[in-house]
Amino acid sequence: MSQAVNILLTKEEVMTCLAQALNQNFIDNLRNRHPNVALDSKLRGYVGELAFKKWMKQHEIEFSNSNIQDESSGMDIDFVFETSKRRIELELKTSMLPDADATIQCAMQRRDIKLIKRGNQRIEDLKSDVHVQIIFKQLRVRKDEWLKKRPTRLLPRRKSRSMTHTSLDDDFLEKIYQDFAAFRYESDTYLVGWIDKPTLIQQIKNKAEHMQKWKYGMREFWTCNMLREANKPIELVDYLNAIQ
């Protein structure tokens, strides 16, 4: 697991992410999930974004923008890195461990960066210039089953648009933090790899057709093994520095 980077967060940082997750009401891809599972999924998204931004800042890389919508496609852009020479759009993917893998190292050996193939799109049509993968050291099915057993009465029924970490009752936030084991995100976040679009396109074109994609449920994904085909996290710093 030498190339994986464990990004440590403070309790305050995770609490901020938890407050954001409690304030958001995503209805599309989370509407059929158990409310506790949906909350944890939202929390992971915010934790991943904060952790990635924090790690990059430690290496003197700062983004000009984040969480904006591309007007042409209507899709979200996670991060924008911009210089006088070039604008780079980065997409952050977050995943938990497949239960069968059990460890970060095993997941990296077996699994791919989460590159969704939408409809009949070609690899050239994939959005974003750089795709980054974070894995949380938590077993997906086991975590979901555990979350479903937690009391849903703890969750607020109505969310204010202006809800923030400071406006939430501290006792309430601490209760959710403990009961949902949000404290695990202080140490369970791993940045495992990334790939730039030109390199990915070349990789896909060099593969036999049946090796170019894989399927999970109703979705298809482009292949890019985290260990053998993705780049090491620290190389992303070098990549972005090179275009300044």
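Predicted model: local features only at pLDDT ≥ 70, side-chain atom pairs only at ≥ 80, totals over all residues.
**View 1. A network of salt bridges links Asp-40, Arg-44 and Lys-143.** The chain around them has 244 residues, of which 48% count as buried, and its secondary structure comprises seven helices and nine strands.

**View 2. Asp-101 forms salt bridges with Arg-110 and with Arg-111.** The side chains of Asp-101 and Arg-110 meet at 2.9 Å, N to O, while the closest N and O atoms of Arg-111 and Asp-101 are 2.7 Å apart. Arg-111 lies in the loop between α3 (104-110) and β5 (115-117) and Asp-101 in the loop between β4 and α3, so this pair ties together parts that are 10 residues apart in sequence. Asp-101 is buried, with a relative accessibility of 4%, whereas Arg-110 is partly exposed at 47% and Arg-111 is partly exposed at 32%.

**View 3. Lys-148 and Glu-145 are joined by a salt bridge within helix α4 (residues 140-148).** The N to O distance between the two side chains is 3.3 Å, and the residues, three positions apart, are separated by about one helical turn. Lys-148, with a relative accessibility of 41%, is partly exposed, and Glu-145, with a relative accessible area of 39%, is partly exposed as well.

**View 4. Ring pairs link Phe-52, Phe-63 and Phe-79 into a cluster.** The whole structure contains seven aromatic pairs. The rings of Phe-63 and Phe-79 have their centres 4.8 Å apart and their planes at 40°, so this pair is tilted. Phe-63 sits in the loop between α2 and β2 (65-69) and Phe-79 in strand β3, so the pair ties together parts that are 16 residues apart in sequence. Both Phe-63 and Phe-79 are buried.

**View 5. Trp-194 and Tyr-239 form a tilted aromatic pair.** The ring centres lie 5.1 Å apart, with 50° between the planes, and the pair links distant parts of the chain, because Trp-194 is in strand β7 and Tyr-239 in helix α7, 45 residues apart. Trp-194 and Tyr-239 are both buried.

**View 6. Helix α7 (residues 233-241) has buried residues on the same side.** The buried residues are Pro-233, Leu-236, Val-237, Tyr-239 and Leu-240. They cover an arc of only 165° around the axis, which puts them on the same side of α7. These buried residues pack against β1 (5-6), α2 (35-58), β3 (76-82), β4 (87-97), β6 (130-139) and β7 (189-196).

Definitions and conventions:
Residues numbered from 1 in each chain as written. Heavy atoms only, no water. Helix = DSSP H or I, 4+ residues; strand = E, 2+ residues; numbered from the N terminus. Buried < 20%, exposed > 50% of the residue type's maximum accessible area, 1.4 Å probe, protein only. Arc of directions from axis to C-beta. Contact = heavy atoms within 4.5 Å. Phe/Tyr/Trp six-rings, centres within 6.5 Å; stacked < 30°, edge-to-face > 60°. Salt bridge = Lys/Arg side-chain N within 4 Å of Asp/Glu carboxyl O.
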